[in-house]
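Have the model open as you read.

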Amino acid sequence: MNMTLVGITAVVQSLTEVKKTAVRDIGFESLLSVRLTRLPKKLAMYLVQRFNVHEMSIKLENSIINIDEAGVNLVLGIPHGAKEVEDSNKQFNETEEHKAFIKEMKEKYTKFSPPVSAVQKRLIDSKNSGDYFKREFVLFCITSSIHQTLLKTLRPNLL
């Protein structure tokens, strides 16, 4: 968890104003205020122990926090709405543009899924703030916070 927060914070703090505008354009403005570099172990354990997976809630001493789409949007500011995000494993959803993007990503990093650390470095070093930057930023944030892998690579189905 700590490495995730350090990586996201490092990328966010390195963004130029042009890149920050690109992040705002795709609806991830709230991530620009991320400054947390670690989550205290006691706090993390407290929350995990009180999380009810069946009710999707966290039971605190005097209240219950329900975890739902609106709450996640409110706290994290991650866009949500009627548009469904499609899994690229569904072959019929792949456009030529999507295939070209995946090919380019894999060629730039490795023959396999790119390491999260390579994407982090590219986001920090890149002068680009266009569509490619936006896609990499979203993939980096998703992989770093939601879809972590043991090998610390982007998940192929997210590409």
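## Ground rules

The axes are lines fitted to C-alpha atoms, for helices over the stretch in contact, with angles running from 0 to 180 degrees between N-to-C directions.

This is a predicted model, with local features needing pLDDT of at least 70 and side-chain atom pairs counting only at pLDDT 80 or more, while totals for chains, interfaces and linings use all residues. Residues are numbered from 1 along each chain as its sequence is written, and side-chain values use heavy atoms, leaving out hydrogens and water.

## The whole chain

You'll find seven helices and three strands here, in the order α-α-α-β-β-β-α-α-α-α from the N terminus. (Helices, H or I of at least four residues, and strands, E of at least two, are DSSP runs numbered from the N terminus.)

Of the 159 residues, 29% are buried, meaning under 20% relative accessible area, with exposed being over 50% and partly exposed in between (1.4 Å probe, protein chains only). Take the contacts (heavy atoms within 4.5 Å) between residues at least 6 apart in sequence: 60% of them join residues at least 24 apart.

H6 covers residues 116–125, and its buried residues are Val116, Val119, Gln120 and Leu123. Looking down the axis of H6, these fall within an arc of 100 degrees, so they line one face of the helix; the arc is taken from the directions from the helix axis to the C-beta atoms. Turned away from that buried side are the exposed Ser117 and Lys121.

## H6 against H7

H6 and H7 pack at about 140 degrees, their axes 10 Å apart. That makes the two helices oblique to each other. On the H6 side, Val116, Val119, Gln120, Arg122 and Leu123 do the meeting; their partners in H7 are Tyr132, Phe133, Glu136, Phe137, Phe140, Thr143 and Ser144.

## Two loop residues

Ser126 sits in the loop between H6 and H7 (131–145), and at 15% relative accessibility it counts as buried. A polar atom of the Ser126 side chain lies 2.9 Å from the backbone nitrogen of Asn128.

Over in the loop between strand S1 (51–52) and strand S2 (57–59) is Met56. Its phi is near 50 degrees, a positive value in a residue other than glycine. Met56 is partly exposed, at 37% relative accessible area.

Methods
Polar contact = N/O pair within 3.5 Å; in protein donor to acceptor, adjacent residues only side chain to side chain. Parallel < 35°, antiparallel > 145°, perpendicular 65-115°, else oblique.
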